[in-house]
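Please open the model in your viewer and keep the selection tool at hand.

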Amino acid sequence: MPGEQHPYFGEGSAGERTGPPRVLAHRGFVPPELAAEGVAENTRTAFAAALAAGVRYLESDCRMTADGEVVLFHDADLSRVIGEPRRIADLPLRELSAIMAERGGLLTLAGALEEFPRSRFNIDVKVARAADPAGRIVAPHAHRTLVTSFSDATRIRALRSAAIAGGRPATSVGQRGIIRLLAALAARSARLQARALAGVDALQIPERQGPIRVLSRRLIDAAHRAGVEVHVWTVNDPNRMVSLVHRGVDGIVTDRADLAIAALE
């Protein structure tokens, strides 16, 4: 039987909630007018815009600076933000903060949790070096954080660090975990499916990965039997959002928080 749902989710249970589906603001929300002003994703302004649109869940990414600060940043370098190839790992916090000051405002992970105390954070740990400090930082906020990573080894390392510090954030599996679940579904093995979903609170997945269909009715049903939510990324078409929710998806990760709130709530 599935265990009690993590407080990160707040109410109901996977597949049985009576309220609206979860809208997770992908790296915050940068509407066209803010983009025209040079505001970047994963910034203070982007998160504030998501909250103003009515979102409760903020999806973000974390990396580590040259001086050991965990910051909210997706890319490994500044190429997409300012057209320069300097790497986040090579920049001290002070310099990176100055670069981002007119682009929405850089946030450390600790700072974001303090500045937005009523929000719930979905944190994707991008590099192994950030796993231990990120785990320690989120531990006091474990009831309102979900930790994930493309790398399951990095994700598990962050969770262990949080546990040592006294917290148990929610979590979603990484790439290997999804592959194991898809193999278990293909084999129609309930035992292997249960093993793949053990210790997991959410499956955060794309509908497809290249030629491979990831989302399916069997996956949704298996997740819900285990008390695990299914969140699909990254969906910006309101009609597609509604269709996915009708199929049983519990949450939508989107760049268009405004459209998602209007369509789903």
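The stops below cover salt bridges, a loop residue and a helix.

This is a predicted model, in which local features need pLDDT of at least 70 and side-chain atom pairs count only at pLDDT 80 or more, while totals for chains, interfaces and linings use all residues. Residues are numbered from 1 along each chain as its sequence is written, and side-chain values use heavy atoms, with hydrogens and water left out.

Stop 1: The structure holds 18 salt bridges, a salt bridge being a side-chain nitrogen of Lys or Arg within 4 Å of a carboxyl oxygen of Asp or Glu. Arg 80 is exposed, at a relative accessible area of 52%, whereas Asp 75 is buried, at 13%. Here buried means under 20% relative accessible area, exposed over 50%, and partly exposed in between (1.4 Å probe, protein chains only).

**Stop 2: Arg 87 and Asp 90.** Select these two residues next; their side chains form a salt bridge with an N to O distance of 3.2 Å. Arg 87 is partly exposed, at 43% relative accessibility, and Asp 90 is partly exposed as well, with a relative accessible area of 49%.

**Stop 3: Arg 247 and Glu 207.** In this salt bridge the closest N and O atoms are 3.8 Å apart. The pair links distant parts of the chain, 40 residues apart: Arg 247 lies in the loop between helix H11 (238–246) and strand S11 (251–254), and Glu 207 in the loop between strand S7 (202–206) and strand S8 (208–209). Helices (H or I, at least four residues) and strands (E, at least two) are DSSP runs, numbered from the N terminus. Arg 247 is partly exposed, at 29% relative accessibility.

**Stop 4: a network.** Select Arg 27, Glu 41, Asp 61, Asp 75, Arg 80, Asp 124 and Lys 126, which salt bridges with shared partners join into one network.

**Stop 5: Ser 119.** Move to the loop between helix H5 (109–115) and strand S4 (120–125), where Ser 119 lies. Ser 119 is buried, at 3% relative accessibility. Which residues is Ser 119 in contact with, leaving aside its neighbours within four places in sequence? They are Leu 51, Arg 56, Leu 58 and Arg 144, contact meaning heavy atoms within 4.5 Å.

**Stop 6: helix H12.** Select residues 257–264, in which Ala 257, Ala 260, Ile 261 and Leu 264 are buried. These residues are on the same side of H12, because they cover an arc of only 100° around the axis; the arc is that of the directions from the helix axis to the C-beta atoms. Finally, display strand S1 (22–26), H11 and S11, against which the buried residues of H12 pack.
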